[in-house]
Amino acid sequence: MRKITIAIDGHSSCGKSTMAKDLARAIGYIYVDTGAMYRAVTLFALRNGLFGDDDSIDEERLKALLPEAHISFALNEETGKPDTYLNGECVEKEIRGMEVSNRVSLISAIGFVRECLVAQQQQMGAEKGVVMDGRDIGTVVFPDAELKVFITASAEVRAERRYKELLGKGEEADYDEILQNVKERDYLDSHREVSPLRKADDAIELDNSHLTIPEQNAWLLAQYERVLAELGDDTPQQ
């Protein structure tokens with residue numbers, strides 16, 4: 001079966017990663033969570049004391065230390081989904097907390113950080129057969145991807161999902177704080193100078209505010225099958 005590149009972009013907490021992971025598992029593709037890569041760099045910066053009291057970043061030190069931040073993914077056999085590792089340590093829980101969430105947009109706006117991670121992402125997807133989600137996959141990382149999807153949902157819906165996710169993990173959560181974080185990240189991601197969040201001209205948009213996970217997964221699988229058919233490969237999935 002012909003392999004393609006699938007680029008899924010969209011706002012924070014809109015379910016991109018869930019959709020991407022589920023599709024990759026269903027069709028046997030590699031999944032790469034690029035947002036987790038930026039979160040891992042944010043955690044690395046926090047651990048190295050690179051944020052000031054006003055959340056300013058010591059970019060000179062970050063640039064010098066960045067080669068020491070080795071990010072990798074490994075399949076979690078219990079969940080069936082990949083976990084993020086920073087220098088050999090599983091940091092999946094740490095990178096999803098509010099301390100990282102409140103600062104990741106600041107890190108992802110730094111040009112040399114994006115340049116470094118984009119190069120890694122392009123290498124990961126060089127052989128196709130990859131599902132990658134993030135903010136600039138269809139516009140910068142893989143502008144020639146055969147399938148590009150842009151996911152969105154209302155800020156309130158996304159905050160509620162994030163709130164329930166944190167509570168489900170047994171963590172403390174404040175809905176108002178999360179909603180403010182979602183709105184601030186939307187603004188920062190859309191207005192940064194380097195690779196701002198935007199829908200690629202040839203991307204298909206999906207507002208999943210009122211869709212269940214099975215419904216959005218079925219929609220995405222249908223888009224994948226449509227693209228294969230248009231490319232002349234209608235081999236059924238196993």
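Analyst: In this predicted model, five strands make up an open sheet with parallel pairing, and their order is β2-β6-β1-β7-β8. The edges are held by β2 (30-33) and β8 (204-207); each has a single partner strand, so one side of each is left without a neighbour in the sheet. On average, and with direction ignored, neighbouring strands of this sheet are turned by 20 degrees against each other.

Within the sheet, the pairing of β1 with β6 can be followed to the residue. Strand β1 covers residues 5-10 and strand β6 covers residues 130-134; the two run parallel and are joined by five bridges. One of the residue pairs is Ile-6 with its bridge partner Val-131 in β6. Helix α1 (residues 16-27) packs on this sheet, where it touches β1, β2, β6, β7 (147-152) and β8. The direction of α1 makes about 180 degrees with that of β6.

There is also an open sheet of three strands, with antiparallel pairing and the order β3-β4-β5. Here β3 (71-76) and β5 (89-90) are the edge strands, and each pairs on one side only. Strand β4 (residues 81-86) pairs with β5 over two bridges, in the antiparallel sense. Tyr-85 stands opposite Cys-90 in β5. Helix α2 packs on this sheet and touches β3, β4 and β5, with its direction at about 30 degrees to that of β4.

Helix α2 also packs against another helix. Residues 34-47 form α2 and residues 111-124 form α6; their axes lie 11 Å apart, and the helices pack at an angle of about 140 degrees. Angles over 145 degrees would count as roughly antiparallel, and α2 and α6 are therefore oblique to each other. Their crossing is right-handed. On the α2 side, the residues that meet α6 are Thr-34, Met-37, Tyr-38 and Val-41. The residues they meet in α6 are Val-113, Arg-114, Leu-117, Val-118, Gln-120, Gln-121 and Met-124.

Ser-105 is found in helix α5, which spans residues 104-108. Its relative accessible area is 5%, so Ser-105 is buried. The side chain of Ser-105 makes a polar contact with the side chain of Asp-189, at 3.0 Å. Apart from neighbours within four places in sequence, Ser-105 is in contact with Arg-185, Leu-188 and Asp-189.

The other serine, Ser-190, has its place in helix α9 (residues 175-191). Ser-190 counts as partly exposed because its relative accessibility is 30%. Its side chain reaches the backbone oxygen of Asp-186 at 2.9 Å. When residues up to four places away in sequence are not counted, Ser-190 touches Pro-196 and Leu-197. Ser-190 and His-11 are 179 residues apart in sequence, while in space they are 9.1 Å apart, C-alpha to C-alpha.

To return to the part you asked about, the parallel sheet has the order β2-β6-β1-β7-β8, and α1 packs on it. The antiparallel sheet has the order β3-β4-β5, and α2 packs on that one. Helix α2 also packs with α6.

Note on methods. Residues numbered from 1 in each chain as written. Predicted model: local features only at pLDDT ≥ 70, side-chain atom pairs only at ≥ 80, totals over all residues. Heavy atoms only, no water. Helix = DSSP H or I, 4+ residues; strand = E, 2+ residues; numbered from the N terminus. Buried < 20%, exposed > 50% of the residue type's maximum accessible area, 1.4 Å probe, protein only. Contact = heavy atoms within 4.5 Å. Polar contact = N/O pair within 3.5 Å; in protein donor to acceptor, adjacent residues only side chain to side chain. Pairing = 2+ DSSP bridges. Axes fitted to C-alpha atoms, helices over the stretch in contact; angles between N-to-C directions. Parallel < 35°, antiparallel > 145°, perpendicular 65-115°, else oblique. Left-handed = near helix turned anticlockwise from the far one by under 90°.
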